[in-house]
Amino acid sequence: MNKADFLRKLDRELSVLDQEERKEILSFYEERFYTGTNYENKTELDIINELENPEIIAAVNFIKKKKIGIFYKNKKINDEIDNHTLKDKWYGALARRGFSLEIVKKVLDIKDINNADLILEGNMK
């Protein structure tokens, strides 16, 4: 995979977001490639290997936008049934947007908001 392939795949995965958000995210990753190749003496492959899978990036952006998963604000879930029902809704929301079960499980299993933010910032795999 090269830069063009990565960005094309990311653009396709980001189709769940509106055009402005997609453009902003793609611009961020274009800049990451530019900085890495021009100032850090890295190859495109080095940068790709440092970045998370485009599907994960898109899914984390989606859950942030929808405020679900680790970005859910109402942490006062009193019983197991409510928690289970809520997670089912989140699984459904992600599945309807075309994310695979594997990707859904990975993003909903993120327990630390800092890890989610690192994925969004292109700093964590």
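The model is predicted.

**Helix H7**

Helix H7 spans residues 113-120. Its buried residues are Ala116, Ile119 and Leu120. Seen down the axis of H7, these buried residues fall within an arc of 100°, so they line one face of the helix. An α-helix has 3.6 residues a turn, so residues three or four places apart point the same way. The cover over the buried residues of H7 includes helix H2 (19-38) and helix H4 (54-66).

The N-terminal end of H7 is capped by aspartate 112. A side-chain oxygen of aspartate 112 lies 2.9 Å from the backbone nitrogen of asparagine 114. Just after H7 comes glycine 122, with a positive phi of about 75°.

**Salt bridges**

The structure holds nine salt bridges.

| Salt bridge | N to O distance |
|---|---|
| Lysine 3 and glutamate 30 | 3.8 Å |
| Lysine 65 and glutamate 21 | 3.3 Å |
| Arginine 32 and glutamate 40 | 3.3 Å |

Take the pair of lysine 3 and glutamate 30. The pair links distant parts of the chain, 27 residues apart. Lysine 3 is in helix H1 (residues 3-13), and glutamate 30 is in helix H2. Lysine 3 is partly exposed, at 25% relative accessible area. Glutamate 30 is partly exposed too, at 38%.

Next, lysine 65 and glutamate 21 form a salt bridge. This pair also links distant parts of the chain: lysine 65 sits in helix H4 and glutamate 21 in helix H2, 44 residues apart. Lysine 65 counts as partly exposed, with 35% relative accessibility. Glutamate 21 has 26% and counts as partly exposed.

Is arginine 32 buried or exposed? Arginine 32 has a relative accessible area of 14%; the cut-off for buried is under 20%, so the residue counts as buried. Its salt-bridge partner glutamate 40 is partly exposed, at 34% relative accessibility.

Arginine 32 lies in helix H2. A network of salt bridges links Arg32, Glu40, Lys42 and Glu50. Within this group, the side chain of arginine 32 makes a polar contact with the side chain of glutamate 50, at 2.9 Å.

Which residues does arginine 32 touch, leaving aside its neighbours within four places in sequence? They are Glu40, Lys42, Ile47, Glu50 and Leu51.

**Aromatic pairs**

There are six aromatic pairs in the structure. One involves phenylalanine 28 and tyrosine 29. A pair of aromatic rings is described by the distance of the centres and the angle of the planes. For phenylalanine 28 and tyrosine 29, the ring centres are 4.9 Å apart and the planes stand at 85°, so the pair is edge-to-face.

The two residues can be set side by side by accessibility. Phenylalanine 28 counts as partly exposed, at 34% relative accessibility, whereas tyrosine 29 is buried, with a relative accessible area of 1%.

Which residues do ring pairs link into a cluster? The cluster holds Phe6, Phe28, Tyr29 and Phe33.

Key: Residues are numbered from 1 along each chain as its sequence is written. This is a predicted model: local features need pLDDT of at least 70, side-chain atom pairs count only at pLDDT 80 or more; totals for chains, interfaces and linings use all residues. Side-chain values use heavy atoms; hydrogens and water are left out. Buried means under 20% relative accessible area, exposed over 50%, partly exposed in between (1.4 Å probe, protein chains only). Helices (H or I, at least four residues) and strands (E, at least two) are DSSP runs, numbered from the N terminus. The arc is that of the directions from the helix axis to the C-beta atoms. Contact means heavy atoms within 4.5 Å. A polar contact is a pair of N or O atoms within 3.5 Å; within protein, one must be able to donate a hydrogen and the other to accept it, and residues adjacent in sequence count only if both atoms are side-chain atoms. A salt bridge is a side-chain nitrogen of Lys or Arg within 4 Å of a carboxyl oxygen of Asp or Glu. Rings of Phe, Tyr and Trp (its six-membered ring) pair if their centres lie within 6.5 Å; planes under 30 degrees apart count as stacked, over 60 as edge-to-face and the rest as tilted.
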